[in-house]
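Open the model in your viewer and keep the sequence panel beside it. Each stop below says what to select and what to look for there.

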Amino acid sequence: KWWNCINNVTIIYNGLPENHTQTEAQKNMIIAVDKSVCNIGMIGNFQSIKGHLYLLEAFKRLKELYNGKVMLSIIGNIYEYDYFEKCKDFIIQNNLTDNIRMYHQIYNASEY
């Protein structure tokens, strides 16, 4: 099935340079990824032009359709606080708090 993402990992690069300076252990101390579930990640600062709310809508739909456990991790600093609050409200209103992790103040996001 197309959603069997535990075995099929796809990374879409958007031009971020890859400069790895941390070990896996160092990264795991900051972002804990459960490798037994389907993981989806986004790197993008919280600005309305980045489309987090579209991603959250799509993730909500995926969670409704996918029979396994799925987690969404978002790495992004907060540039628009009102937009960030809208995203948080969406997560809470749609009971997604157990499935979404947001990480801020990470300035080497491409490392992850």
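Where is the place of asparagine 95? Select asparagine 95 and follow the chain to either side: the residue sits in the loop between α3 and β3. Keep in mind throughout that this is a predicted model.

**Stop 1: the loop residue**

Stay on asparagine 95 and look up its backbone angles. Its phi is positive, about 55°, although the residue is not a glycine. Is asparagine 95 buried or exposed? Its relative accessibility is 64%, and exposed means over 50%, so asparagine 95 counts as exposed.

**Stop 2: the sheet**

Now select the strands. There are three, and they form an open sheet in the order β1-β2-β3, with parallel pairing. Colour β1 (38–43) and β3 (100–103): these are the edge strands, and each of them pairs on one side only. Turn the view to look along the sheet; from one strand to the next, the twist averages 15°.

Next, select β2, residues 70–75, together with β3. How many bridges join strand β2 to β3? Four bridges link these two strands, which run parallel.

**Stop 3**

Select serine 73, which lies in strand β2. Its relative accessible area is 15%; buried means under 20%, so serine 73 is buried. What is serine 73 in contact with, leaving aside its neighbours within four places in sequence? Show Ile40, Gly41, Met42, Arg101 and Tyr103: these are the residues in contact with serine 73.

**Stop 4: the helix across the sheet**

Select residues 52–65, which make up helix α2. This helix lies across β1, β2 and β3, and runs at about 170° to β2.

Use the distance tool on the end C-alpha atoms of α2. They are 20 Å apart, and this agrees with the 20 Å that its 14 residues should span at 1.5 Å a residue.

Which residues of α2 are buried? Select His52, Leu56, Phe59 and Leu62. Looking down the axis, you will find that these residues cover an arc of only 120°, so they are on the same side of α2. To see what they pack against, show β1, β2, β3 and α3 (81–93).

Methods: Residues are numbered from 1 along each chain as its sequence is written. This is a predicted model: local features need pLDDT of at least 70, side-chain atom pairs count only at pLDDT 80 or more; totals for chains, interfaces and linings use all residues. Side-chain values use heavy atoms; hydrogens and water are left out. Two strands pair if DSSP finds at least two bridges between them. Axes are lines fitted to C-alpha atoms, for helices over the stretch in contact, and angles run from 0 to 180 degrees between N-to-C directions. Contact means heavy atoms within 4.5 Å. Buried means under 20% relative accessible area, exposed over 50%, partly exposed in between (1.4 Å probe, protein chains only). The expected span of a helix is 1.5 Å times one less than its number of residues. The arc is that of the directions from the helix axis to the C-beta atoms.
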